[in-house]
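Subject: A structure to look through

Dear colleague,

I am passing on the structure we spoke about, with the sequence beside it. Please open both together, and then read the notes that follow.

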Amino acid sequence: MDRLPMLRSMAAARPDDPFPQYGVAMELRKRGEVAEATEAFRALVERHPDYVPAYLMFGTMLAEDSQSEVAIEVLDRGIGVARAAGDEHALSELQAARAELS
């Protein structure tokens, strides 16, 4: 079963819910469709800038695609968002991912 159409439909039906949009971005990432996943993650963090999980997955995908400079920007932004949210677990993961790129 192809999950992508279902996830896109859910994201379109619930634009105020970041989770289905995150699902679309993650499914695209899983398929190796980096350009399209990048656009999906960008749209997600623009619409839902406080959605902490997006930053780690977006940043690590960019790093894996040899886009280290952009990955650092995304991870740094995520560190700020996680810190503001008081999400210590995500903050730790984002900091670890960021340290690998230094």
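How do H3 and H4 run relative to each other, roughly parallel or roughly antiparallel? Please keep in mind while reading that this is a predicted model. Helix H3, which covers residues 34-47, packs against H4 at an angle of about 150°, and the axes of the two helices lie 10 Å apart. Since an angle over 145 degrees counts as roughly antiparallel, H3 and H4 are therefore roughly antiparallel to each other. Their crossing is left-handed. On the H3 side the contact is made by Val 34, Ala 37, Thr 38, Phe 41, Arg 42, Leu 44 and Val 45, and these meet Ala 54, Tyr 55, Met 57, Phe 58, Met 61 and Leu 62 of H4. Sorted by class, the residues of this contact are 11 nonpolar, 1 polar and 1 charged.

The crossing of H1 and H2 is left-handed. From H1 the contact takes in Arg 3, Leu 4, Leu 7, Arg 8, Met 10 and Ala 11, while H2 brings Pro 20, Gln 21, Gly 23, Val 24, Glu 27 and Leu 28. Here the classes come to 7 nonpolar, 2 polar and 3 charged.

Next comes the loop between helix H4 (52-64) and helix H5 (68-85), which is where Ser 66 is placed. Ser 66 has a phi near 60°, a positive value in a residue that is not glycine. This deserves a second look because most residues other than glycine have a negative phi. With a relative accessibility of 65%, Ser 66 counts as exposed, because the cut-off for that word is over 50%.

Helix H5 itself has 18 residues, which at 1.5 Å a residue should span 26 Å, and the C-alpha atoms at its ends are 25 Å apart, so the two values agree. Its buried residues are Ala 71, Val 74, Leu 75, Gly 78, Ile 79, Val 81 and Ala 82, and what covers them includes H4 and helix H6 (88-100). Just after H5 you will find Gly 86, which takes a positive phi of about 70°.

Notes: Residues numbered from 1 in each chain as written. Predicted model: local features only at pLDDT ≥ 70, side-chain atom pairs only at ≥ 80, totals over all residues. Heavy atoms only, no water. Left-handed = near helix turned anticlockwise from the far one by under 90°. Helix = DSSP H or I, 4+ residues; strand = E, 2+ residues; numbered from the N terminus. Contact = heavy atoms within 4.5 Å. Nonpolar A, V, L, I, M, F, W, Y, C, P; charged D, E, K, R; others polar. Buried < 20%, exposed > 50% of the residue type's maximum accessible area, 1.4 Å probe, protein only. Expected span 1.5 Å × (residues − 1). Axes fitted to C-alpha atoms, helices over the stretch in contact; angles between N-to-C directions. Parallel < 35°, antiparallel > 145°, perpendicular 65-115°, else oblique.
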